[in-house]
Amino acid sequence: MRVELLDLTFSRGSFSLRGSGTFGEGVHLVSGPVGSGKSTLALLLAGLLRPGSGDVRRHGVLTTQLLLQFPEHHVTSPTVAGEAASWGLIPDDALRLAELSARADDDPFHLSRGELKRLTLACALLRDPDLLLLDEPFASLDCVTKKKACAVLEERDSGITIVFSHERAILPRVDTIWEMEEGALAARGSVPDAIPSWRHAPSYLRYALDQGARPENIRLSDAREALCRIRG
Ligand SMILES: Nc1ncnc2c1ncn2[C@@H]1O[C@H](COP(=O)(O)OP(=O)(O)OP(=O)(O)O)[C@@H](O)[C@H]1O
């Protein structure tokens, strides 16, 4: 199973995007500053935007799910339980994962943005598609919920997961790192070898690298463990 970007281009006003590369099975991080084009790339990969030139080719991918950056853009039902059902899920399962079981009959717009994000993230994860595209999955979440979301992502043991995010504090273990810079997609490669060339790496990783440590992955705990190893 893989998704190939073949000389992909897309233009909108003064913004233009370009990218090539292959996303295989595993968890991939597309990192980059605000406005660099991550959401646009997610929409192109989901087939919701048409490229100006080039192509997105899916091989062995039968199901695709995109989690939109703004959770309110998903809302189609007057109740939280109905919202989960609209994703084709058993509401109790989704509400349990989102820790919103007590809010089943509430209006989704009465949830806080973080709660609504928890709901849509739980729904996207439970759909368990071949290709899971998560646009800023950690935005609006508190630290505890970000950590739980990372753990669930890491447990996904099949398919292609692409996390588009400018998050620089709480991140999941990933297999590859990509960066968007002013619309250009650059592959940094497989983790851990990719970490030193990750330009927007979190400061804890930069610090560990500067100290001569070699983190095995991109989480704060990986940086800590690498520092412990060299300090004995
Ligand atoms: N619907 C739109 N119409 C016009 N311009 C848009 C639209 N959506 C995004 N843009 C512009 O396209 C560029 C890329 O935006 P995009 O949302 O892909 O960036 P991003 O990296 O996802 O940013 P963020 O980290 O804030 O989510 C930005 O300059 C943005 O202002």
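Helices here are DSSP runs of H or I with at least four residues, strands are runs of E with at least two, and both are numbered from the N terminus. The model is predicted; local features need pLDDT of at least 70, side-chain atom pairs count only at pLDDT 80 or more, and totals for chains, interfaces and linings use all residues. Residue numbers start from 1 along each chain as its sequence is written.

Go back to α1 and select Lys38, Thr40, Leu41, Ala42, Leu44 and Leu45, which are buried. Buried means that 20 or more other C-beta atoms lie within 10 Å of the residue's own, with C-beta atoms placed from the backbone; 12 or fewer is exposed, and in between is partly exposed. Because six of the eight residues of α1 are buried, the helix is largely enclosed by the rest of the structure. After α1, click on Gly47, which has a positive phi near 80°.

Now select strand β1, residues 2-12. Eight bridges join β1 to β2 (residues 15-23), and the two run antiparallel. Ser11 has Ser16 as its bridge partner in β2. Two residues lie between the strands of this hairpin, where Gly13 takes a positive phi near 55°. Strand β1 is also joined by six bridges to β4 (residues 53-59), again antiparallel. Thr9 has Ser53 as its bridge partner in β4. Strands count as paired if DSSP finds at least two bridges between them.

Select residues 3-207, which UniProt, in an unreviewed entry, labels "domain: ABC transporter". UniProt positions follow the numbering used here, feature names are shortened, and annotations may be inferred rather than shown by experiment. The end C-alpha atoms of this span lie 34 Å apart, and the span is 27% helix and 29% strand.

Finally, zoom out. The chain has seven helices and nine strands. Its C-alpha atoms fill a box of roughly 55 × 50 × 35 Å along the principal axes. Of the 232 residues, 39% are buried.
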